[in-house]
Amino acid sequence: MAPEVLCTLALPKPFPALVSDAATLRTAGHLMSRDELVSELRERPVDVLCPQLRESVDGIVLDAGGSRLRCVSLFAVGFNNVDVDAATGRGVVVANTPGVLTNATADCAMGLMLAAARNLCEGDREVRAGRFAGWEPEYLLGQDVSGALLGVIGFGRIGQAVARRALGFSMRVVYFDSTDPPVAEDLQGRVSPTPLDTLLREADVITLHTPLTEETHHLIDEPALRTMKDSAILVNTSRGPVIDEATLARALREGWIAGAGLDVYENEPELAPGLTECANVVLSPHLGSATIKTRAAMAELCALNALDALAGQTPRHCVNPEAWARGAPPPLIHAAT
Ligand code: GLV
């Protein structure tokens, strides 16, 4: 029986060619609800499932995959949409695409930061609406980024890439991360760890780069927003539910903080009521990793993870290698390089 891989949405090059060389690739061509995934996996079992970050893969979906499903290979670095414990318990490895989207996501965070601090999107709306009447001494004044204190929450690869860029903009950088991650050599001595409360109280710009977990769900809630300076700018390119979005809309409307730049939302693609009416928020549609080169690199990693699993090897980027602690399933193909 030829190994089979199921993608819900079609993935970019080189994914199709890499996978089709070794296995039968089936692409649904649309996002699947949990019920659809369950019936699809029951009717046509596969060895590897490649879902989208908007599709939830829980114990029921994994059970539908039965004993044939060995790997969930994500086209994303975030894996909050998969119940990893349930996967581990069923001997299913979960793989993701870290590293290759670090720079693209950090660039996006900087873009949102600059756009929000300098009213660039509001200015764009003014010009298009014909309201730009020429340069004026106090027209659309924003916040200085250079010299400002940046607070990075979540200091992994992406948080550190943002810190590096911010130093290039002459910002001062502090960070908070509950896991005490190693700090890259080039950043040592140039950034300092800070308790969360101090960061919230003192930072001029706060940028979120934490995974979504039970611990970080609504990390930015009403008390956090009320702790921030009324001149602060909040940027989120991580996961929407890290912020209590309805409360953020209130904070922006009532001026508890000065502005925000958001790429992710609590209930994508829905937005909290009132958010789009706030002139002081820049809204982008989850574009963090959306460059041609980055998406191709993610597609390649996603394929290689799937091929590793089909070859009976722990995927090169596996979030739960312990799933195969008692032995990997037998190889179905030769190992990919
Ligand atoms: C995108 O949001 C990702 O997690 O890769």
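Which polar backbone atom is 2.9 Å from an oxygen atom of the ligand? The atom belongs to G78. This is a predicted model, in which local features need pLDDT of at least 70 and side-chain atom pairs count only at pLDDT 80 or more, while totals for chains, interfaces and linings use all residues. Residues are numbered from 1 along each chain as its sequence is written, and side-chain values use heavy atoms, with hydrogens and water left out.

Around the ligand stand L53, A76, V77, G78, L101, R239 and H286, where a residue is near a molecule if one of its heavy atoms lies within 4 Å of it. By class, this shell holds four nonpolar, two polar and one charged residues; Ala, Val, Leu, Ile, Met, Phe, Trp, Tyr, Cys and Pro count as nonpolar, Asp, Glu, Lys and Arg as charged, and the others, Gly among them, as polar. V77 has a backbone N or O atom 2.8 Å from an oxygen atom of the ligand. From R239, a polar side-chain atom lies 2.6 Å from an oxygen atom of the ligand. The ligand taken alone exposes 200 Å², and the protein buries 89% of that (accessible areas come from the Shrake-Rupley method with a 1.4 Å probe).

The description now turns to the domains. An automatic or database domain assignment divides the chain into domain 1 (4-98 + 292-324) and domain 2 (102-283). The C-alpha centres of domain 1 and domain 2 lie 32 Å apart. Five residues from domain 1 and four residues from domain 2 take part in the contact, which means heavy atoms within 4.5 Å.

Between domain 1 and domain 2 the buried area is about 510 Å², with 55% given by carbon and sulfur atoms; buried area is the accessible area (1.4 Å probe) that two parts lose on being put together, summed over both. Of the area that domain 1 buries against domain 2, R54, N80 and P98 supply 61%, more than any other three residues.

How values were computed: Polar contact = N/O pair within 3.5 Å; in protein donor to acceptor, adjacent residues only side chain to side chain.
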